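Reader: Hi! Could you walk me through the packing in this one?
Author: Happy to, let's have it on screen.

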Amino acid sequence: MASIQKRGKTYQYTISRRINGVQKPIRKGGFRSGKEAATAAKEIELQLVKGLNPVLKPVIFADYFEQWIELYKVPKVSKITLEHYKYSLRAVKDFFKDTPMQNIRRPDYQKFLNWFGSTRAKETLAKVNGHIKSCVDDALEDQIVHLNFTRKAELNWTVPAKKEADKFLNYQDEERLMEKIWSKRDLGIGYSLLLLAAVSGMRFEELVGLTRSDFDFNKGTIRINKTWDIKNINHGVLDQQRTNNQYEPFKSVT
């Protein structure tokens, strides 16, 4: 049973607690009234009855999310995927700022999703929500929070997804594009890279990561075993891949 004490102009609660036979009471003050202190104490007592560890020290949501990314994602995800998590982190910082996780409720999180989705497409919103939900699930396991404020959240977005027809060139458009690029191939290496991308399907970072030794003109193959990391703080570095892939883009060039 909690006891309420008045200390100056504010109130404090004290909850008796014994850990391994040793008295370790829980105290917290600064409440404006005895009723407010009693309500807060009752919530802590309820957590103790449920076997939960009451968290008295506020944990900033953005800080916890950043530490969670560093601990669980940095060691195993690719650099590109890590950028997606950092994108989600920036959104959390922009909206929640210094809000403790313990103070966030489901309506607060729904407001965040509505705000973020007001200028985003469904895919982006769903990805950010997935990142945050995974983080909050771990916070529940760590008993940092006792309420999953992401549960039953609704995804509302305003930017429509691209139609499938808008994502790809049709055959006629591709033919016209290839003819245009081919006519400009002598104007710079960039046009040669565009041609190579069109016929091989190589990604941009693979294209710009190619070196002279990757081309075998006798066999008509190109070795794809590294990428150019354009997001590196050193303005791009070669990132060696684990496997050596061989690709034969064309039989001959005329």
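**Packing and contacts**

Author: This is a predicted model. Leaving aside neighbours within four places in sequence, methionine 101 is in contact with Val59, Ile60, Phe61, Tyr64, Ala139, Ile144, Val145 and Phe149.

Reader: Nice. Which residues of the largest nonpolar core touch the most other members?
Author: Those are Phe61, Phe65, Met101, Phe112 and Ile132, out of 27 residues in that core. Helix 2 (61-73), helix 3 (79-96), helix 4 (106-117) and helix 5 (122-141) are the elements that give two or more residues to this core. Apart from it lies another core of eight residues, including Ala2 and Phe31.

Reader: Now the rings. How many aromatic pairs are there?
Author: The count comes to 18. One of them joins phenylalanine 61 and phenylalanine 96, edge-to-face, with 5.4 Å centre to centre and 75° between the planes. Phenylalanine 61 is in helix 2 and phenylalanine 96 in helix 3, so this pair ties together parts 35 residues apart in sequence.

Reader: And are phenylalanine 61 and phenylalanine 96 buried or exposed?
Author: Phenylalanine 61 is buried, and phenylalanine 96 is too. The ring of phenylalanine 96 also pairs with that of phenylalanine 112: the centres are 5.3 Å apart and the planes at 35°, so that pair is tilted.

Reader: Switching topic: where is lysine 226?
Author: Lysine 226 sits in strand 7 (residues 221-229).

Reader: Why does lysine 226 count as buried?
Author: Because its relative accessibility is 8%, and the cut-off for buried is under 20%. Its side chain makes polar contacts with the side chains of aspartate 214, at 2.7 Å, and asparagine 225, at 3.0 Å.

Methods:
Residues are numbered from 1 along each chain as its sequence is written. This is a predicted model: local features need pLDDT of at least 70, side-chain atom pairs count only at pLDDT 80 or more; totals for chains, interfaces and linings use all residues. Side-chain values use heavy atoms; hydrogens and water are left out. Helices (H or I, at least four residues) and strands (E, at least two) are DSSP runs, numbered from the N terminus. Buried means under 20% relative accessible area, exposed over 50%, partly exposed in between (1.4 Å probe, protein chains only). A polar contact is a pair of N or O atoms within 3.5 Å; within protein, one must be able to donate a hydrogen and the other to accept it, and residues adjacent in sequence count only if both atoms are side-chain atoms. A nonpolar core is a set of buried Ala, Val, Leu, Ile, Met, Phe, Trp, Tyr and Cys residues joined through side-chain atoms within 4.5 Å. Contact means heavy atoms within 4.5 Å. Rings of Phe, Tyr and Trp (its six-membered ring) pair if their centres lie within 6.5 Å; planes under 30 degrees apart count as stacked, over 60 as edge-to-face and the rest as tilted.
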